[in-house]
Amino acid sequence: MSFGETLWVLILYMTIFIHSLLFAWGTYYRLTRIDLPQGLSHRLKLLLSDFLVGYGFAIAILLEKMGICNRYYLANVICQFLPIMKDPKLIIKDLVFDGVPVRVYWPKTSPAGNRKGIIFFHGGAGVAGNVRTTEKICRSIAHQTDSVVMCVEFRLAPEHPYPVPVLDCLTAAIHFMKNAKEYGVDPSRIAIAGESSGATKAASICQELVAREDLPSVRAQVLIYPFLQGIDFNLPSYQQNHSVPPLYRKRAAKFGFAYLTGKTINVPVDGILKGAHVPPVLREKYQKWISADSIPEEFKARGYVPVEPAPFSEDLYEQVKRGTETMFCPLLAEDDIIRQLPETFILTLAEFSRIKSSFLV
C-alpha cells in the first residue's frame with residue numbers, strides 16, 4: 001500500500017472514530033440529562049431532531065476549532081439549501097425594501113378590498129435561520145388568515161452582531177408600513193409577529209414604532225415563545241426547562257452572547273447564568289419587571305429554588321452591557337411605552353410544541 005493510500009485509510013478511520021464518539025456522546029447525553037415535561041407531544045420526534053441538531057453543532061464546533069469557519073456557518077449553509085415548494089394558491093416574490101431582502105406572500109384569491117398585512121421575523125437566536133426556515137409557517141399564515149405576509153431576511157451574527165439584525169427588521173417594517181397600499185395591504189390592519197428571537201425583534205420594533213406619528217399604528221403583535229429579558233436566568237421557567245431541548249439554558253446563553261457581541265469562543269456562560277453580569281443598582285431597578293415574586297405560584301409547581309446572584313463582575317458587564325437595551329430585552333421598557341403597545345398575543349414554548357405539527361400542515 002502506498003503512502004497516499006495509507007493516509008486516506010487513516011483519515012477514513014479517524015473520521016469513523018470521531019463520528020462514533022459524537023454518536024455515543026449524543027446518545028448518552030439525551031438518555032441521562034434531558035428532562036422532558038409531562039404531557040409533551042411528539043417526544044420521540046423532538047429527541048431525534050435535537051440529536052441531529054446537536055450532532056451537526058458538534059461538527060461545526062470542531063470545524064471552528066480547526067480554523068475553517070465559525071460554528072454557525074454550517075447551519076446557515078444548510079438553511080440556504082432548504083427546498084422551496086411551489087404553492088399554486090400563493091404569489092411569492094423576493095424583494096428588497098430599502099436595502100433589506102424580504103420575501104412576500106400574496107393569496108391569489110381576489111380580495112374585496114385591501115388585505116390584512118403580517119410582518120414576520122424568523123427565529124434562530126440572531127445567529128441562524130433565513131426566510132426559507134419559516135417558509136411553511138408564512139405560507140400557512142397567508143392561507144389561513146387571507147393576509148399578505150412579509151418575512152425579513154435580516155443579517156446575522158457573528159458577522160453582523162446586535163443591533164444590525166434588529167435594525168434590518170425595523171427598516172423593512174417601516175418600508176412595508178409606509179407603502180402598504182402598494183402591496184395590497186390595509187395600513188390600519190398590520191400585525192407584527194415572530195418566533196423565538198424573531199418574536200424578540202417583533203416586540204422591540206413595536207416599541208420603537210410607538211412614537212412614530214408618520215406611520216400607521218400597528219394593529220397587533222404576536223410573540224411566539226419570545227426571549228424578552230437577559231437579566232435573570234434563574235426564574236422558574238429557566239430552572240424547570242434548563243434541560244429541555246432544543247434550546248437548553250446554556251445553549252441559549254451562548255447564542256445570546258454571540259448575537260450580542262459577535263464572539264463565539266470563550267463565552268462566559270457560567271457567569272451570565274449566575275447573574276454576575278448585572279450591576280446591583282440595575283438589578284434593583286429591574287426588580288419591578290423581573291422577579292420570581294411577580295410570578296403566580298402555579299407556575300412554580302414543577303420546582304423553583306431562589307438563587308442568589310454571583311458577585312458582580314465589572315469585566316463581564318462591560319462585555320454585555322448593551323444587553324440591557326430594550327431593543328435586546330424588550331421587557332425592560334418603561335411602563336409608559338408598554339401602555340401604548342397594540343393588542344398582544346403571546347404563545348409559550350410548551351403550548352407551541354403541542355400545536356406546531358398541525359399548524360405547519
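Asp-214 has a relative accessible area of 46% and therefore counts as partly exposed, where buried means under 20%, exposed over 50% and partly exposed in between, with a 1.4 Å probe and protein chains only. This is a predicted model, in which local features need pLDDT of at least 70 and side-chain atom pairs count only at pLDDT 80 or more, while totals for chains, interfaces and linings use all residues. Residues are numbered from 1 along each chain as its sequence is written, and side-chain values use heavy atoms, with hydrogens and water left out.

**Salt bridges**

- Asp-214 meets Arg-212 in a salt bridge at 2.8 Å, N to O, the term standing for a side-chain nitrogen of Lys or Arg within 4 Å of a carboxyl oxygen of Asp or Glu; Arg-212 is partly exposed as well, at 29% relative accessible area.
- By this rule the count comes to 15 salt bridges.
- Another of these joins Arg-115 to Asp-146, with the closest N and O atoms 3.0 Å apart. Because Arg-115 lies in strand β3 (residues 115-121) and Asp-146 in the loop between α4 (135-145) and β4 (147-152), the pair ties together parts that are 31 residues apart in sequence; helices (H or I, at least four residues) and strands (E, at least two) are DSSP runs, numbered from the N terminus.
- Arg-115 is buried at 7% relative accessibility, whereas Asp-146, at 33%, is partly exposed.
- Glu-135 and Arg-139 form a salt bridge at 3.7 Å, N to O, and these two residues of helix α4 are separated by about one helical turn because they stand four residues apart.
- Glu-135 is buried at 3% relative accessibility, and Arg-139 is buried at 13%.
- Glu-135 and Arg-139 also belong to a network of salt bridges that links them with Asp-87, Asp-94 and Arg-103.

**Nonpolar surface patch**

- Met-14, Phe-17, Ile-18, Leu-21, Leu-62, Met-66 and Ile-68 make a nonpolar surface patch of about 680 Å². Patches are made of residues with over 30% relative accessible area and no salt bridge, joining like charges within 9 Å and nonpolar side chains (Val, Leu, Ile, Met, Phe, Trp, Tyr) within 5 Å, and accessible areas come from the Shrake-Rupley method with a 1.4 Å probe, where for residues only the protein chains shown count as cover.
- Helix α1 (residues 3-32) gives the largest share of this patch, four residues.
- Ile-68 is found in the loop between α2 (43-65) and α3 (73-80), and with a relative accessible area of 54% this residue is exposed.

**Aromatic rings**

- There are 12 aromatic pairs, counted when rings of Phe, Tyr and Trp (its six-membered ring) have centres within 6.5 Å, with planes under 30 degrees apart called stacked, over 60 edge-to-face and the rest tilted.
- Among them, Tyr-162 and Phe-328 are edge-to-face, at 5.5 Å centre to centre and 80 degrees between the planes. Tyr-162 lies in the loop between β4 and α5 (164-178) and Phe-328 in the loop between α11 (314-320) and α12 (335-338), so this pair ties together parts that are 166 residues apart in sequence.
- Both Tyr-162 and Phe-328 are buried, and together with Phe-227 and Tyr-259 they form one aromatic cluster.
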